[in-house]
Amino acid sequence: MDYIDYIFIKISLWVFTFYGCSHRDFRMFVNLPVRIDILTLLPELLNGPFAASILHRAQEKGLVEIHMHNIRDYATDKHKNVDDYQYGGGAGMVMSIEPIVTIIEKLQKERTYDEVIYMTPDGTLLEQNTCNDLSLKKNLMILCGHYKGIDERVREHFITREISIGSYVLSGGELAAAVLTDTIVRLLPGVLNDETSALTDSFQDKLLSPPVYTRPPEFRGWKVPKILLSGNFPEIEKWREKKAIERTQERRPDLFDE
Ligand code: 6GU
């Protein structure tokens, strides 16, 4: 059944793309929840982020299913070991191949995965275009690394994408997986109340967002820019664009280079 779903989705995506429909239209049309399976040694680290706010609501609405799998449950020895010393010597443990492969293959028997993602500091730096791309997929598997990382053979034979969330080192891939999941889920149609709001995010058009204000119009003598109170929407749009460009030039000039 899942395989038939998959073929159906692939064919409809071609048809939609052919007729120039947006991917959001497509997602509305197939109306299937996105499934994200997270493989981790520390599921408790992820329960918090998924139990609140937008990620929680998206699950309640049936727009996304997030399934957590504890890699330790798939350890084969009686001590439930999931790591071992690295060949060749050196400090730090390496996550063993067997428990990880057992769970990946078990899941792959149940459905087809569009991507098997490994969260790692030496992966490709996460950018908005990757989030956009992943938000169009149906089944995603995310593997969180720990210690010195995972046995390289898992990466060679199972991983389709390796992602880092920045040039710094986290204790494990869990927080990075939470970041990645959030960036994907908020793009699914129906997740955000204001459907256009994800499209006007910083980065969606390679620009940072302009400054925003709300009431009161004056606080301790600090005034909201007059133009925003003018009701002149074409001029407001122009002002916002100018500010967005200024801000990008000032803070992230690299965004203009790409
Ligand atoms: Cl994905 N994992 C770890 N452990 N550290 C990171 C990271 C990922 N991205 C940036 N630093």
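Colleague: What percentage of the residues in the chain is buried?

Modeller: This is a predicted model. The chain has 258 residues. It holds 11 helices and nine strands. The buried share of the residues is 22%.

Colleague: What share of the contacts with a separation of 6 or more links residues 24 or more positions apart?

Modeller: The C-alpha atoms fill a box of roughly 70 × 45 × 35 Å along the principal axes. Of the contacts with a separation of 6 or more, the share between residues 24 or more positions apart is 75%.

Colleague: Which element gives the largest share of the shell around the ligand?

Modeller: The shell has 13 residues, with Met119, Pro121, Ser164, Leu170 and Ala176 the closest. Two elements give two or more residues, β5 (115–125) and β7 (161–164). The largest share is three residues, and it comes from β5.

Colleague: How many residues of the shell around the ligand are charged?

Modeller: Eight residues of the shell are nonpolar. Five are polar. The charged count is none.

Colleague: Is glycine 172 buried, exposed or partly exposed, and why?

Modeller: Glycine 172 sits in the loop between β7 and α8 (174–185). Its count is 16 other C-beta atoms within 10 Å. Buried needs 20 or more, and exposed needs 12 or fewer. The count falls in between, so glycine 172 is partly exposed.

Colleague: Which residues does glycine 172 contact, leaving aside neighbours within four places in sequence?

Modeller: Leucine 46 is 126 residues away along the chain, and its C-alpha atom is separated from that of glycine 172 by 11 Å. The contacts of glycine 172 beyond those neighbours are Leu42, Cys144, Gly145 and His146.

Conventions: Residues are numbered from 1 along each chain as its sequence is written. This is a predicted model: local features need pLDDT of at least 70, side-chain atom pairs count only at pLDDT 80 or more; totals for chains, interfaces and linings use all residues. A residue is near a molecule or strand if its C-beta atom, placed from the backbone, lies within 6 Å of it. Helices (H or I, at least four residues) and strands (E, at least two) are DSSP runs, numbered from the N terminus. Ala, Val, Leu, Ile, Met, Phe, Trp, Tyr, Cys and Pro count as nonpolar, Asp, Glu, Lys and Arg as charged, and the others, Gly among them, as polar. Two residues are in contact if their C-beta atoms, placed from the backbone, lie within 7 Å.
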